[in-house]
Amino acid sequence: MTALRLRKGSRGKEPPLGAEFQSQQSNCCSDHHPEKILHGDWSWGVIIWTSVGWSVSVGLGLLCCIYMATLHENDLWFSNIKEVEREISFRTECGLYYSYYKQMLQAPSIQEGLSDLIHDNLTESKRTINLLQRMNIYQEVFLSVLYRLLPIQSYLEPVYFYIYTVFSLQAVYVIALYLTAWLLSGSWLAGTLTGVWYILNRVDTTRVEFTISLRENWSMPFLALQVAAITCYLRPQLTDLQQKVMVWLMYVTTFCFCLTWQFNQFILLVQALIIYSLDCLDFITTTQVTTLYLVQVSSLLSVWLLQFCNSMILGSLVLSFIVAALFIRHCQSGLKTGSPLVRLGRLFLHSAMVLLLTVTINYLAKKALQLRSDEHIFKFIKSKFALGSTRDFDASLYLCEEAFGLLPFDTLERLAGTLLLYPYILTLLVLSGTLAVAALHNLRVKGGAAEERKGAVEGRAGALRPDVAYNLLHTLFYGLLAFSTMRMKYIWTGHMCAVAAYGVCGKELWTLLLSTLRCNSKVLLRLVRYAVPLLVIACLYYKFWPKLMEELSELREFYDPDTVELMTWISTKTPKRAVFAGSMQLLAGIKLCTGRVLTNHPHYEDKDLRERTKQVYQVYARRSPEEVYDIMKAMGADYVVLENSICYERRHRRGCRLRDLLDLANGHIMDGDGENDQDLVPATHPRFCEEVKTDAVSYTALFTRTFQNKTFHVYRVKKKRKKITKSSPEPSASQQQDQAL
C-alpha cells in the first residue's frame, strides 16, 4: 500500500505514455492560439495574429451568409415574386413555423399575439392547443417582437428580416466551427480551412437555402457554439474564472439549442453518451463530468419551464440517462480502483446498471406522465433495425422517406471530391489509435478518489488531451448517427470539417509522421503545418472557384401556378373560418397563405395529431364515401383537398407510396404487380380519391367539387347527408349550388 500511495503521489514525476507527444500538446499556445491573450500574453505579435484570426473568422462567416442568401435569391427570384409565391416557397413544415411569425406581426399587440398562440384554435380544428408548449416557435415570437420594436419597418419587409436572420445564423455556425478547429490545432489556418470546406460542401453541410424555417437551421449554430465552449472548457490551464465563463457559455448555448429544436433530447442523449464514455475511459475529471451533465439538465429544465411544463422533456431518455449515470456513479465510488481486469469488469457492470436504471426511470416517467408524444420515433427505430412491425403507418412514413434511410455512397464521393474525406479519415484513424492506447494506459494506472485525480489528466492520459478526446468521440458518435439516418448528416459534416482541419494543421499528426520518417524538427514541423493547409486552400480555390461563380450566375424563378391558383381561390372564395383537410405538407401552406383552420399539420410530435393525420389520409385509401364523410364531419372539415401527386404517386416504389401504406394499415392488398402478404384481403370499395372524380351519385350526395386544376381537386363536405335511392335523379347544377350553400 505504501508503494502504491507513493506512486500516486509521484505520478507527476513519472514519464507518462507519449511524454514528448504530451509536452507538445500542453504547449498549445506557442503559435497564434486564441488562449494566449487569456493567459496574459499581450505582446504585439500575439495581438496582431489573434486579431487577424478573428477577422478571418468573421469574414468567412459573412461570406457563407451572403453565399446562402444569394443562392436563395437566384433560385427563386425572391425579390421579384408576389407575396403569395414567397409564402408558398416555405414548403411543408417551414410554412407552418413561418405562419406563426406572420400571425404575431398581424396581431393588434404583442400581448394579444402571445395569447392567440397560447390559446390557438386555428392549427387543429375542434381543439384549442398551446403552441408555445407543443412546438419550438420561440424564435418566431422573438423575431416578431424584435421587428415590432426596431425602427426598420419602413425599409425592410418582415419576410426579409426573417430570412436574413436565419442566414446570419449560418455565419455564426461557420465562426463556431472555425473556433473549434482553432482551439484544437492552435492555428487559425485550421479555422480558415474549416470554413472553406463547409462552404464548398454546402450540399452536405446545410440545406438552409431552400428550407429556411426548419428547426435545425435555427439550432445547429447553437450546437456548434456549445461544442466550441466544451472544447475550451476541457482544455488544461484554464483559471477558475475562465472555467466559470465557459460553464455559463455552455449553458446559454445548450439552452438556445434545446429551445429551437424539438429533437434536442435525442441529440443531447448522444452527447451524454460521449461524456459517459470519456468518464469511463478516465479522460475527464469527476467535476467536469458532473458539470457537463448538469449543464444539459439545467438547460432542458429551463426549456421545460418556458414550454409550459412540456411532458415530452421530462419523459426524455437523456434526462433518465443522466439521472441514472449520476446515481450509479455516486453509489460505485470504487469503480476506478483495482487491477485492469477488475476495473474492466466493474466498468461493464457499471454500464449495465446504468442502462437498466435508465430504462426503468424512463418507463416509470412515461407511465406517470401518460406520455406518448415521441413513441413514433421509437417505432421508427424498431422498424428501421427490424425490431418491430413494418406495417405501422407512422413508422412507415419515416422509413419510406429517403432522408431517413442510410447515408448514400455519393455523399462520401462528394466529400472526397473537395479533399475533405481523406484527411478526415487519416485523422480519425490516428486519433482513434491514440485514444485506445491512452485508454489502456488509464486502466493500468490505479485510480483514487475524485479529489486526488482532479488534476491528473495531463500526467496520466499523456497521449490525448480531453478536448481532443471529446471532439474525436463527438465526430465518431454523430458519424454513426449520420450513416444510419441520412437526415442527421448535417450534424456530422460541419464538425467533420473542423476535425479534418485539425488533422491538417495540428502538431500531433505531423509530429507522428515526421518522427516516423526520422526528420522531425521544430522548423520543419512549423513549415509543414503552414505550407500544407495553404496548399490545400490553393488547390480548392483553383478547382472550385470557377464552379462557384458559375453556380452564382445561374438564375431561376419560382413557378408553381397551380398552387398559387389554389391559394388565391381559398383566400377569396371560402369563409375565413373554413376548415380544410388534406396532406400535412399542403395544409401548412394553406395556413400560411390563407389563415384558414386545419385538421392536421406536419408537426408530428403528438399522438392525437398522428391519429388525426392517418384518418384524414383515408381519402387516399379504399374507403366508402360514407366512411370518409363521417371522418371529415368528426373533424369539422368543410373542405377536403385532393392532390393528384399523391393519388397517382409514382415517386416512391411500391410499398412506400402513401396509398400503399394506407392499404397495409387497413389490411388491404396494394395496387400494382408484386407480392402481398397472405393476410391482406381485397378492399370492398374503390379508392376514394379516384372514384370521387367520377361524380357518382353516392359521392355527389356527400361531396361537392368546388375547385379543380391540373394538380388539385377541392370538395366541399356537405352539411347533411342526403338519402340516396335508386330512383333519385342526379341533382341539377342549381340544386348542387343550393346544397353547397
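1. Buried here means under 20% relative accessible area. D660 has a relative accessible area of 0%, so D660 is buried. The model is predicted.

2. D660 has a charged partner. The side chains of R657 and D660 form a salt bridge, at 2.6 Å from N to O. R657 has 11% relative accessibility and therefore also counts as buried.

3. How many salt bridges are there by this rule? The count is 35. The general principle is simple: side chains of opposite charge can pair when their charged atoms come close. The cut-off is a Lys or Arg side-chain nitrogen within 4 Å of an Asp or Glu carboxyl oxygen.

4. R329 and D279 are joined by a salt bridge, 2.6 Å from N to O. R329 sits in helix α18 (residues 317-331) and D279 in helix α15 (residues 264-280), so this pair ties together parts 50 residues apart in sequence. Both R329 and D279 are buried.

5. A salt bridge also links the side chains of R343 and D282, with N to O at 3.9 Å. Which parts does this pair tie together? R343 belongs to helix α19 (residues 340-369), while D282 lies in the loop between α15 and α16 (286-306), so the parts tied together are 61 residues apart in sequence. R343 counts as buried because its relative accessibility is 4%. D282, at 2% relative accessibility, counts as buried too.

6. Salt bridges also form a network. Its members are E124, R127, R134, D606 and D608.

How values were computed: Residues are numbered from 1 along each chain as its sequence is written. This is a predicted model: local features need pLDDT of at least 70, side-chain atom pairs count only at pLDDT 80 or more; totals for chains, interfaces and linings use all residues. Side-chain values use heavy atoms; hydrogens and water are left out. Helices (H or I, at least four residues) and strands (E, at least two) are DSSP runs, numbered from the N terminus. Buried means under 20% relative accessible area, exposed over 50%, partly exposed in between (1.4 Å probe, protein chains only).
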